[in-house]
Amino acid sequence: MTDIRDAHGYMYILECTDGSFYTGSTRDLGLRVEQHKRGEGARHTTARGMAKLVYYETFDRIDDAFDREKQVQGWSRAKKVALITGNNQRLPRLSQNKSGFSSLGIAPSVAEPVEAFGEYPPDFFDFIVIDECHRGGANDESNWRGILEYFAPAVQLGLTATPKRKDNVDTYAYFGEPVYIYSLKDGINDGFLTPFKVKQISTTLDEYVYTPDDQLIEGEIEAKKRYQESDFNKIIEIKEREKKRVEIFMGQIDQQEKTLVFCATQDHALAVRDLINQMKASTDPNYCRRVTANDGELGEQHLRDFQDNEKTIPTILTTSQKLSTGVDARNIRNIVLMRPINSMIEFKQIIGRGTRLYDGKDYFTIYDFVKAHHH
C-alpha cells in the first residue's frame with residue numbers, strides 16, 4: 001500500500017513481522033509509517049517490527065480518526081481481517097458490540113477493551129485450555145474465536161459439560177470429535193456426583209380442550225384446540241391447575257430442604273412463588289423467593305443466601321431460565337420441573353444444579369410434571 005490520499009486525519013492498521021496487528025491514528029500517515037519502520041513508533045511495533053501498512057481510513061478531523069482508532073482496537077482479529085480484506089458481508093455480523101448494535105462506523109461512547117493478546121507472538125503458548133468451550137469459543141463470529149485463531153500454533157483443548165450443536169456455535173466443528181468423554185452416569189458411579197431419583201407426576205389437566213361448560217375469565221380461546229404443556233402459562237393460564245401442582249409437590253417434599261422450581265416464564269415463577277408461600281408450613285415471609293433476570297440485585301442477594309449452607313432462608317427459589325446453569329448450591333435436595341425441557345443438553349444442565357456433593361446428601365429428587373425425564 002504505497003499511495004496515500006490526502007486528509008486531515010487517518011486511522012490505520014499495520015501488520016507486524018509476527019503477524020499481529022497494530023491500530024493507530026495520525027495527522028500525517030506517510031510520516032507515521034516511516035517512524036514505525038525506524039522503530040520510533042509505538043512499543044508494539046518497535047518490539048515486533050513493522051511489516052507493512054495493510055489498511056487506512058481518512059477523516060476530515062483528527063479527533064474522528066482517534067475515535068475510530070479506539071473503536072477498531074477493541075475488535076477481534078477476525079473483525080480486523082474482515083475490514084482489511086473488504087469482506088463487507090461478514091463485517092456487519094462481526095461488528096456487533098455488547099449492546100447488540102452495529103459498531104461499524106460508530107464511535108462508542110465508552111472505549112472498548114484493547115486486544116491484549118496481540119502483545120504476544122502467535123506461537124507464545126504451547127497449550128491452551130478453553131473451559132466451557134460451548135459458550136462462544138467455537139462460534140466463528142465470537143471474540144474468543146479471534147483469540148483461538150491468533151494462537152493457532154498451540155494445542156487447544158476444549159472442556160465442556162454441555163456441547164452445543166446449533167445456532168452457529170458448533171463445538172464439534174471447531175474442536176473435532178471428543179478425545180475423552182466422561183458421562184453424568186460415570187460421575188455418579190465414581191462418587192463425584194450425587195445420584196438422583198425421578199418422580200413423574202401427571203394430572204387430569206396435562207392437556208386441555210375448551211368446552212362450552214368452562215368459564216373463560218378473560219382473553220380469547222380457540223375452540224377444539226388441544227392445549228399442550230408448551231402452551232400453558234404462555235398462551236393459556238389455568239390457575240387451579242398450577243395451584244394443584246404446587247399442592248402436590250409441597251405435600252411430597254420435606255419443606256425444610258432447599259428446592260429449585262423451574263417455571264415456564266418469569267410471570268409464572270412469580271405466581272408459583274406466591275402459591276408456595278400461601279401453602280408453606282414456615283412462618284418466614286422469605287421462605288420462597290423468585291430469582292429471574294428481572295429481579296436484579298435483590299434476586300442476586302436471594303440467590304447468595306440460598307447458596308449459603310449456613311442459612312435456611314430462602315428455602316425455595318422459583319425461576320424460569322436464569323438458574324439452569326452456573327449455580328453452585330451444594331445442598332439442593334429437590335428440583336421441580338414445571339416447564340417443558342426441550343433438549344438433553346438443557347435437561348442435564350438443570351439436573352446439574354442438584355448433583356453437587358454435600359455431607360449427608362445421599363441423593364436428590366426430581367419432581368417431573370412435564371415428562372422431561374424422557375430426554
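This passage walks through the predicted model, from its overall make-up to a handful of local details.

The structure is a predicted model, so local features are described only where pLDDT is at least 70 and side-chain atom pairs only at pLDDT 80 or more, while totals for chains, interfaces and linings take in all residues. Numbering starts from 1 along each chain as its sequence is written, and side-chain values rest on heavy atoms, with hydrogens and water left out.

Overall, the protein has twelve helices and 13 strands; helices (H or I, at least four residues) and strands (E, at least two) are DSSP runs, numbered from the N terminus. Of its 375 residues, 43% count as buried, with buried meaning under 20% relative accessible area, exposed over 50%, and partly exposed in between (1.4 Å probe, protein chains only). The accessible surface comes to about 20700 Å², and 48% of that belongs to carbon and sulfur atoms; these areas come from the Shrake-Rupley method with a 1.4 Å probe, and for residues only the protein chains shown count as cover. As for contacts (heavy atoms within 4.5 Å), take those between residues at least 6 apart in sequence: 69% of them join residues at least 24 apart.

Confidence is given as pLDDT, the predictor's confidence in each residue, from 0 to 100. The mean for the protein is 82, and 85% of its residues reach 70 or more.

Helix α11 (residues 296-307) is worth a look. Its twelve residues reach 17 Å from the first C-alpha to the last, close to the 16 Å expected at 1.5 Å a residue; the expected span is 1.5 Å times one less than the number of residues. Gly 299, His 302, Leu 303, Asp 305 and Phe 306 are the buried residues of α11. They cover an arc of only 165° around the axis, so they sit on the same side of the helix; the arc is that of the directions from the helix axis to the C-beta atoms. What covers them includes β9 (258-262), β10, β11 (316-319) and β12 (332-337). In the loop between α11 and β11 comes Pro 314, which a cis peptide bond joins to Ile 313, with omega at about -5°.

Most peptide bonds are trans, and most residues other than glycine have a negative phi. Lys 224 has a positive phi, near 70°. This lysine, Lys 224, is in the loop between β7 (208-209) and β8 (226-227) and is exposed at 77% relative accessibility. Lys 371 also has a positive phi, about 60°; Lys 371 is in the segment after β13 (364-368) and is partly exposed, at 36%.
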